[in-house]
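Me: I would like to go through the labels used for this structure and ask what stands behind each of them.

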Amino acid sequence: MKMMTSTTTKISMKITTTSTTITTRTKRARTGSRTALCKARFLKGSPKKYRRVLWQIRGRSYREALMLLEFLPWRTCKPVLKCLQSAAANAQNTYNMDTTSPACTSAAARPTRARTASG
C-alpha cells in the first residue's frame, strides 16, 4: 500500500482588546491587553489561498472583518469566518470582552501534511 501526501492548511487567529484597569493600592491606571486564540486545522485548500483572505482582515476590527468575510467572493472565506467567530466567542467567554471592541491582530496560515492511504 502506497502512502500519498496531500497538503492541508492550519489557520491560527488572535483577537486582542486593550482595556484600562485602575488598581486600588497604587491608584494608577494600568493598560493591559488580553488575547484570545483560535486555531482551525486540516482545512482543504492551499495556504496561499487562505493567506489572500487573511491579508484582508488582519488589523481590522471584528465588525469590519465580519462584513468583509461575508461579501468576499472566495471559497476560503467560510472557514476563516467560522474561525473568527470562534475566536470572538473564546474572548467573550474567557475574558468577558465585548464583541464590538476587539480587533484581529494576527492571522496566519501554515501548511500541514495529512497522510492518506490510497489503494
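Reply: This is a predicted model. In H3, the buried residues are Cys 77, Val 80, Leu 81, Cys 83, Leu 84, Ala 87, Ala 88 and Ala 91.

Me: How do you know that the buried residues of H3 line one face of the helix?

Reply: Viewed down the axis of H3, they fall within an arc of 165 degrees, so they line one face. Lys 78, Lys 82, Asn 93 and Thr 94, on the other side of H3, are exposed.

Me: What does H3 give to the largest nonpolar core?

Reply: That core has 24 residues, and Val 80 and Leu 84 are among those with the most contacts inside it. Strands S1, S2 and S3 and helices H1, H2 and H3 each supply at least two core residues. H3 gives the most, with seven.

Me: Why is Met 97 called buried?

Reply: The relative accessible area of Met 97 is 8%, and buried means under 20%, so Met 97 counts as buried. Met 97 sits in the loop between H3 and S3.

Me: Why is Phe 42 called partly exposed?

Reply: Phe 42 has 47% relative accessibility.

Me: What makes the phi of Phe 42 worth a remark?

Reply: Phe 42, in strand S2, has a positive phi of about 60 degrees although it is not a glycine. Most residues other than glycine have a negative phi.

Technical notes
Residues numbered from 1 in each chain as written. Predicted model: local features only at pLDDT ≥ 70, side-chain atom pairs only at ≥ 80, totals over all residues. Heavy atoms only, no water. Helix = DSSP H or I, 4+ residues; strand = E, 2+ residues; numbered from the N terminus. Buried < 20%, exposed > 50% of the residue type's maximum accessible area, 1.4 Å probe, protein only. Core = buried A, V, L, I, M, F, W, Y, C linked by side-chain atoms within 4.5 Å. Arc of directions from axis to C-beta.
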